[in-house]
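Let's take a walk through a protein model together. Keep the sequence and the 3D view open as you read.

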Amino acid sequence: QVQLQESGPGLVKPSQTLSLTCTVSGGSITTAYYYWSLIRQPPGKGLEWMGAISYEGTNYYSPTLKSRTSISRDTSKNQFSLQLTSVTPEDTAVYYCGRGHHWLQLTDWGQGTQVTVSS
């Protein structure tokens with residue numbers, strides 16, 4: 001059974017870049033036809049899909065976050081990563097990794113990691 005584990009900084013200062021890594025075990029990130037997504041949930045709000053990377057390495061981004069978001073992967077480590085630039089306190093959220101056969105339909109989730117943006 002695939003498992004996803006997020007690792008993040010915990011605390012980021014405004015204007016800095018948030019970097020978060022998802023480590024996958026029990027399955028390869030290159031297995032066809034899976035998509036690997038980053039999702040977040042700000043306090044008191046719903047889930048927000050941020051972007052994804054496919055088994056082939058193709059990127060998909062939310063239009064509202066595209067200018068600040070980059071998702072990459074390291075197939076040798078079976079990891080994929082998020083970089084979110086120019087963060088503000090509004091980027092404070094629990095960040096999740098997920099997997100599915102479509103980037104918006106996820107069947108497997110990590111447990112999430114809290115990231116707080118504060119000076």
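Here is a short tour, from the ground rules to the cores.

## Ground rules

What you see is a predicted model: local features need pLDDT of at least 70, side-chain atom pairs count only at pLDDT 80 or more, and totals for chains, interfaces and linings use all residues. Residues are numbered from 1 along each chain as its sequence is written, and side-chain values use heavy atoms, with hydrogens and water left out.

## The disulfide

A disulfide is a covalent bond between the sulfur atoms of two cysteines. Here the term is used for a pair of cysteine sulfur atoms within 2.5 Å. Searching the whole structure turns up 1 disulfide. The partners are Cys22 and Cys97, with sulfur atoms 1.6 Å apart.

Cys22 sits in strand β3 (residues 18-25) and Cys97 in strand β9 (residues 93-100), so the bond ties together parts that are 75 residues apart in sequence. Strands (E, at least two residues) are DSSP runs, numbered from the N terminus. The torsion about the S-S bond of Cys22 and Cys97 is about -70°, so this disulfide is left-handed. Are Cys22 and Cys97 buried or exposed? Both are buried. That word means under 20% relative accessible area, while exposed means over 50% and partly exposed is in between (1.4 Å probe, protein chains only).

## An open sheet

Now look for the sheet built from 4 strands: it is open, its order is β1-β3-β8-β7, and the pairing is antiparallel. Two strands pair if DSSP finds at least two bridges between them. β1 (3-7) and β7 are the edge strands, each pairing on one side only. On average, neighbouring strands of this sheet are turned by 20° against each other, direction ignored. For such angles, axes are lines fitted to C-alpha atoms, and angles run from 0 to 180 degrees between N-to-C directions.

Zoom in on one pair of the sheet: β7 and β8 are joined in the antiparallel sense over 6 bridges. Across from Leu82 in β8 you'll find Ile71.

Strand β5 (residues 48-54) is mostly covered, with 6 of its 7 residues buried. β4 runs antiparallel to β5, and 6 bridges join them. Trp36 stands opposite Ile53 in β5. The hairpin of β4 and β5 has 6 residues between the strands, and Gly44 there takes a positive phi near 75°.

β5 also runs antiparallel to strand β6 (residues 59-61), this time with 3 bridges. Ala52 has Tyr60 in β6 as its bridge partner. How many residues lie between β5 and β6 in their hairpin? There are 4, and Gly57 in the turn has a positive phi of about 95°.

Head to the loop between β3 and β4 (35-41), where Tyr33 is placed. A cis peptide bond joins Ala32 and Tyr33, with omega about -5°.

Two other residues have a positive phi without being glycine. Asn78 has a phi near 55° and belongs to the loop between β7 (69-74) and β8 (79-84). Ser86 has a phi of about 50° and lies in the loop between β8 and β9. Asn78 is buried, with a relative accessible area of 15%, whereas Ser86 is partly exposed at 43%.

## A buried arginine

Arg99 is part of strand β9. At 12% relative accessibility, Arg99 counts as buried. Contact means heavy atoms within 4.5 Å. Leaving aside neighbours within four places in sequence, Arg99 is in contact with residues including Val2, Leu4, Trp36, Gln105 and Asp108.

## Two nonpolar cores

A nonpolar core is a set of buried Ala, Val, Leu, Ile, Met, Phe, Trp, Tyr and Cys residues joined through side-chain atoms within 4.5 Å. The largest one has 24 residues, and those with the most contacts inside it are Leu18, Leu20, Trp36, Leu38, Phe80, Leu82 and Tyr95. At least two residues of this core come from each of β3, β4, β5, β8, β9 and β11 (113-117). Which strand gives the most? It's β3, with 4 residues.

Not counting residues up to four places away in sequence, Tyr95 touches several residues, among them Leu18, Leu20, Met50, Leu82 and Val115. There is also a second, separate core of 5 residues, which includes Ile39, Trp49, Ala52 and Tyr96.
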